[in-house]
Every structure is written in structure tokens, then in C-alpha cells.
Amino acid sequence: MSLATLSPRVLRLVAVALVASALVAAAVPADGAARAPPEPACGVCVDGALADAADRHGVAVAVERATLDVHVSDDGSTRWTARLDLSDGTDALRNDSLRAAIVDAATASDGGDRTSRMDGDTLVVEHRRGDAAEREAGAVLFTAFDARDPVLPFVMGGEGTVYPGADALVLHAPEGHVVAGGVGDGTVEGRTVVWRGAEGGDDGIDRDAVPTFVPEGAVAPGVRGVLARLLAGY
């Protein structure tokens with residue numbers, strides 16, 4: 001069948017489809033430039049974030065080191081605890097209302113309700129998330145770092161990657177569980193997965209990182225981890 005034999009309506013539909021395909025191809029570069037920018041796993045830990053927020057409240061704060069510990073429970077809930085060792089500003093941050101205002105201003109990307117306290121010269125900031133992990137086939141999958149490209153047609157760009165923000169990000173297995181793969185560029189250290197602040201850089205943590213945990217003593221934990229990720233669609 002030639003184009004000459006097609007009705008004007010069909011020809012218009014073909015033309016629209018061709019134009020739409022060309023626009024999508026042009027709007028989504030192969031290098032992923034249309035993706036959202038990387039986001040820190042710990043906004044308050046990012047270099048300068050706390051100091052800038054404190055300065056806007058008339059307080060001088062200096063951070064020597066920042067770490068983020070993410071504890072995963074076997075029900076899929078998570079607790080995120082940032083610890084910032086301070087060399088200046090500790091006395092001012094012992095004021096509960098002032099500290100809360102400064103922390104809120106410095107944690108725009110962290111989301112969720114948060115609490116903060118001073119532990120000696122260390123600022124401790126905590127919040128919980130119920131959407132960062134899920135259960136599948138007896139395993140617990142930590143999905144908060146997964147940022148793979150969309151697979152649906154006409155969906156442009158994609159989620160931005162996550163980078164630590166802190167000097168060290170430590171992901172802790174649920175009680176009675178061990179790491180069973182899916183860690184991407186993280187380093188397995190015992191029952192934890194660790195990313196250092198310099199790892200990932202501008203590109204962030206591996207886009208397909210889905211750290212997986214299975215019960216201790218499970219047969220072939222690596223295989224079980226792979227199976228759980230496949231069943232969950234990762």
C-alpha cells in the first residue's frame with residue numbers, strides 16, 4: 001500500500017506520530033542531561049548547609065565531620081540519623097527553638113518530620129521514612145537510591161541520582177539480616193553498606209543500587225537477593 005492510497009485522516013495521524021517521536025528523541029539526550037539534578041541523602045550534612053542556615057540566624061557554626069546512618073527494619077521502615085561534629089556554635093545550638101529553626105532551614109531536601117538534639121559537641125538530627133524500603137520474597141530491599149530511567153514512552157528525563165552529602169553514609173541491615181547484593185558502588189562492611197563522601201561525585205550513587213538484605217543463615221543469600229530484586233522489578 002502506498003502513501004497515495006491512504007486517507008487524509010490517516011496521513012495526518014502518521015505525521016503527528018512522526019513529529020512526536022522526533023520531539024521525544026530530541027528532548028531526551030542519550031547522556032541523560034534531561035534528568036533531575038542529584039540530591040543529597042543528607043541535606044543538613046552538605047558542606048556549608050548548616051553554617052549558611054545558622055548565619056541567617058546570626059549564629060556562627062563550623063562542622064568538622066558529618067555522617068549519616070540509615071537503619072533499616074525488617075518491616076521496611078527506616079530511621080535516618082545525621083551526626084555533625086561541631087567545632088563552633090555548640091552553645092548556641094543548645095537552645096532548642098533556635099536549633100530547630102536552623103536545622104529546618106538546612107534540611108530542605110531531607111523531608112519528613114525530624115527531631116534534633118545536642119550530644120556533647122555533636123548535633124544529632126533524626127527523621128523516619130516509611131517509603132525507603134520494601135519486602136519481597138522474605139528479603140528487605142532498600143529502594144531509596146534507585147533512580148533508573150523511565151521505561152514508558154513519552155516520559156522524559158528521570159529521577160536524579162542521590163549522593164551521600166555526608167562524609168560517610170552507612171546503611172545498616174535489619175536486625176538478624178545480612179547484605180545480599182544490589183549495593184552498586186557501595187562497600188559491604190559486615191552488616192552495613194558504606195559510601196564515602198567522595199564516592200559518586202556529580203553522578204551520585206549508582207542509579208540502579210538496591211541494597212538487599214536476607215535473614216542470617218539463609219541458603220545462597222546472593223541468589224535470594226537477586227531473586228527478590230527480580231520479583232520486585234529491580
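Does Trp195 count as buried or exposed, and at what relative accessibility? At 0% relative accessibility, Trp195 counts as buried, where buried means under 20% relative accessible area, exposed over 50% and partly exposed in between, with a 1.4 Å probe and protein chains only.

The model is predicted, so local features need pLDDT of at least 70 and side-chain atom pairs count only at pLDDT 80 or more, while totals for chains, interfaces and linings use all residues. Residues are numbered from 1 along each chain as its sequence is written, and side-chain values use heavy atoms, with hydrogens and water left out.

The sheet comes next. Seven strands make an open sheet with mixed pairing, in the order S4-S5-S3-S2-S9-S12-S11. Strands here are DSSP runs of E with at least two residues, and helices are runs of H or I with at least four, both numbered from the N terminus; two strands pair if DSSP finds at least two bridges between them. At the edges are strand S4 (114-119) and strand S11 (187-189), each of which pairs on one side only. On average, neighbouring strands of this sheet are turned by 20 degrees against each other, direction ignored. Within the sheet, strand S2 (residues 62-72) and strand S3 (residues 78-88) are antiparallel and share 10 bridges. Leu68 stands opposite Ala82 in S3.

Helix H3 (residues 96-106) lies across S4 and strand S5 (122-129) and runs at about 120 degrees to S4. Such angles run from 0 to 180 degrees between N-to-C directions, with axes fitted to C-alpha atoms, for helices over the stretch in contact; contact means heavy atoms within 4.5 Å. The buried residues of H3 are Arg99, Ile102, Val103 and Ala106. They cover an arc of only 100 degrees around the axis, which puts them on the same side of H3; the arc is that of the directions from the helix axis to the C-beta atoms. An α-helix has 3.6 residues a turn, so residues three or four places apart point the same way. The buried residues of H3 pack against helix H2 (49-55), S4 and S5.

The structure also holds 3 aromatic pairs. Rings of Phe, Tyr and Trp (its six-membered ring) pair if their centres lie within 6.5 Å, and planes under 30 degrees apart count as stacked, over 60 as edge-to-face and the rest as tilted. Trp80 and Phe142 form a tilted pair, because their ring centres are 6.0 Å apart and their planes at 40 degrees. Both Trp80 and Phe142 are buried. The rings of Phe145 and Trp195 have centres 5.3 Å apart and planes at 90 degrees, so this pair is edge-to-face. Trp80, Phe142, Phe145 and Trp195 form one aromatic cluster.
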